[in-house]
Amino acid sequence: MSDLTLYLAPGTCAMAVRIALVEAGAPHRLKLVDFSVAEQSSPAYLAINPKGRVPALVTERGVLTETPALLLYVAQRFPAAGLAPLDDPFLLARMQEVNSFLASTVHVSHAHGRRGSRWADDEQAIKAMQAKMPQNMRDGFAEIEHHYLAGPWVLGDRFSLADIYLYVVASWLKSDGVPIDEFPKVAAHTARMLARPAVQQALII
């Protein structure tokens with residue numbers, strides 16, 4: 001039995017880790033972090049993750065943070081689930097390439113629309129970031145649409161962590177003012193993800 005506790009908030013990138021754990025059949029507990037009352041900034045949560053963000057995964061060996069790291073941890077901890085091409089260095093690197101792009105580019109674009117104060121104090125600069133955010137999201141998803149969806153899944157016929165992470169980030173498009181139908185491959189990918197029993201189960205929290 002594993003002893004894993006995932007701290008998450010609905011609608012955040014932490015949902016990717018939740019889906020991965022369910023896909024892997026990994027026993028785990030959930031702890032919801034209530035952003036509406038700034039629980040992520042509470043002393044109790046900061047003692048778990050001093051960054052004051054989600055996800056955080058408490059393991060027997062310590063706490064892990066950052067979505068791409070947690071996703072790979074789940075795949076390596078539960079290899080029988082086949083969530084990562086651990087046997088193929090090229091495909092593993094491709095998967096990590098996509099996950100890195102989602103984390104370092106697309107997620108940052110999304111955050112500019114909501115948390116511009118992380119990057120600027122000037123109100124006009126923050127408003128400029130908010131105004132630019134939809135186009136930046138479009139640019140990021142155009143890259144995914146044309147270069148990072150090799151087949152039904154990101155890696156072609158092989159389902160992987162990259163599909164889980166992409167699904168979660170794509171779920172933000174509507175609230176970012178970008179219709180997902182602008183990207184037919186991404187929209188079809190989202191529909192395939194929603195048909196997976198593990199995704200349906202993971203969304204119930």
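**Exercise 1. The surroundings of helix H6**

The buried residues of H6 pack against helices H1 (14-23), H3 (67-77), H4 (89-112), H5 (123-147), H7 (184-194) and H8 (197-202). The model is a predicted one.

Task: Determine how many of the residues of helix H6 (residues 161-170) are buried, and which they are.

Solution. 
1. A residue counts as buried when its relative accessible area is under 20%.
2. In helix H6, 10 of its 10 residues are buried, and the helix is mostly covered.
3. The buried residues are Leu161, Ala162, Asp163, Ile164, Tyr165, Leu166, Tyr167, Val168, Val169 and Ala170.

**Exercise 2. The packing of H6 on H7**

Task: State how H6 and H7 are oriented to each other, and which residues make their contact.

Solution. 
1. The packing angle of H6 and H7 is about 110°, and their axes are 10 Å apart.
2. Angles of 65 to 115 degrees count as roughly perpendicular, and H6 and H7 are therefore roughly perpendicular to each other.
3. H6 passes H7 in a left-handed crossing.
4. On the H6 side, the contact is made by Asp163, Ile164, Leu166, Tyr167 and Ala170; on the H7 side, by Val186, His189, Thr190, Met193 and Leu194.
5. Sorted by class, the contact of H6 with H7 has seven nonpolar, two polar and one charged residues.

**Exercise 3. The packing of H4 on H5**

Task: Carry out the corresponding analysis for H4 and H5, giving the angle and the distance of their axes.

Solution. 
1. The axes of H4 and H5 cross at roughly 150° and come within 7 Å.
2. An angle over 145 degrees counts as roughly antiparallel, so H4 is roughly antiparallel to H5.
3. The crossing of H4 and H5 is left-handed.
4. From H4, the residues Phe101, Leu102, Val106, Ser109, His110 and His112 take part; they meet Met129, Gln130, Met133, Asn136, Met137, Gly140, Phe141, Glu143 and Ile144 of H5.
5. The contact of H4 with H5 comprises eight nonpolar, six polar and one charged residues.

**Exercise 4. Salt bridges**

Task: Give the number of salt bridges, then locate the partners of the pairs formed by arginine 196, arginine 94 and aspartate 176.

Solution. 
1. The criterion is a side-chain nitrogen of Lys or Arg within 4 Å of a carboxyl oxygen of Asp or Glu. By this rule there are eight salt bridges.
2. Arginine 196 forms a salt bridge with glutamate 23, at 2.7 Å from N to O. Arginine 196 lies in the loop between H7 and H8 and glutamate 23 in helix H1, so the pair ties together parts that are 173 residues apart in sequence. Arginine 196 is partly exposed, at a relative accessible area of 22%, whereas glutamate 23 counts as buried at 18%.
3. Arginine 94 pairs with glutamate 97 in a salt bridge, the closest N and O atoms being 2.6 Å apart. Both residues of this pair lie in helix H4, three residues apart, or about one turn of the helix. Arginine 94 is partly exposed at 31%, and glutamate 97 is partly exposed at 33%.
4. Aspartate 176 and arginine 114 form a salt bridge whose closest N and O atoms are 2.6 Å apart. Aspartate 176 belongs to the loop between H6 and H7 and arginine 114 to the loop between H4 and H5, so this pair ties together parts that are 62 residues apart in sequence. Aspartate 176 is buried, at 3% relative accessibility, while arginine 114 is partly exposed at 38%.

Note on methods. Residues numbered from 1 in each chain as written. Predicted model: local features only at pLDDT ≥ 70, side-chain atom pairs only at ≥ 80, totals over all residues. Heavy atoms only, no water. Buried < 20%, exposed > 50% of the residue type's maximum accessible area, 1.4 Å probe, protein only. Helix = DSSP H or I, 4+ residues; strand = E, 2+ residues; numbered from the N terminus. Contact = heavy atoms within 4.5 Å. Axes fitted to C-alpha atoms, helices over the stretch in contact; angles between N-to-C directions. Parallel < 35°, antiparallel > 145°, perpendicular 65-115°, else oblique. Left-handed = near helix turned anticlockwise from the far one by under 90°. Nonpolar A, V, L, I, M, F, W, Y, C, P; charged D, E, K, R; others polar.
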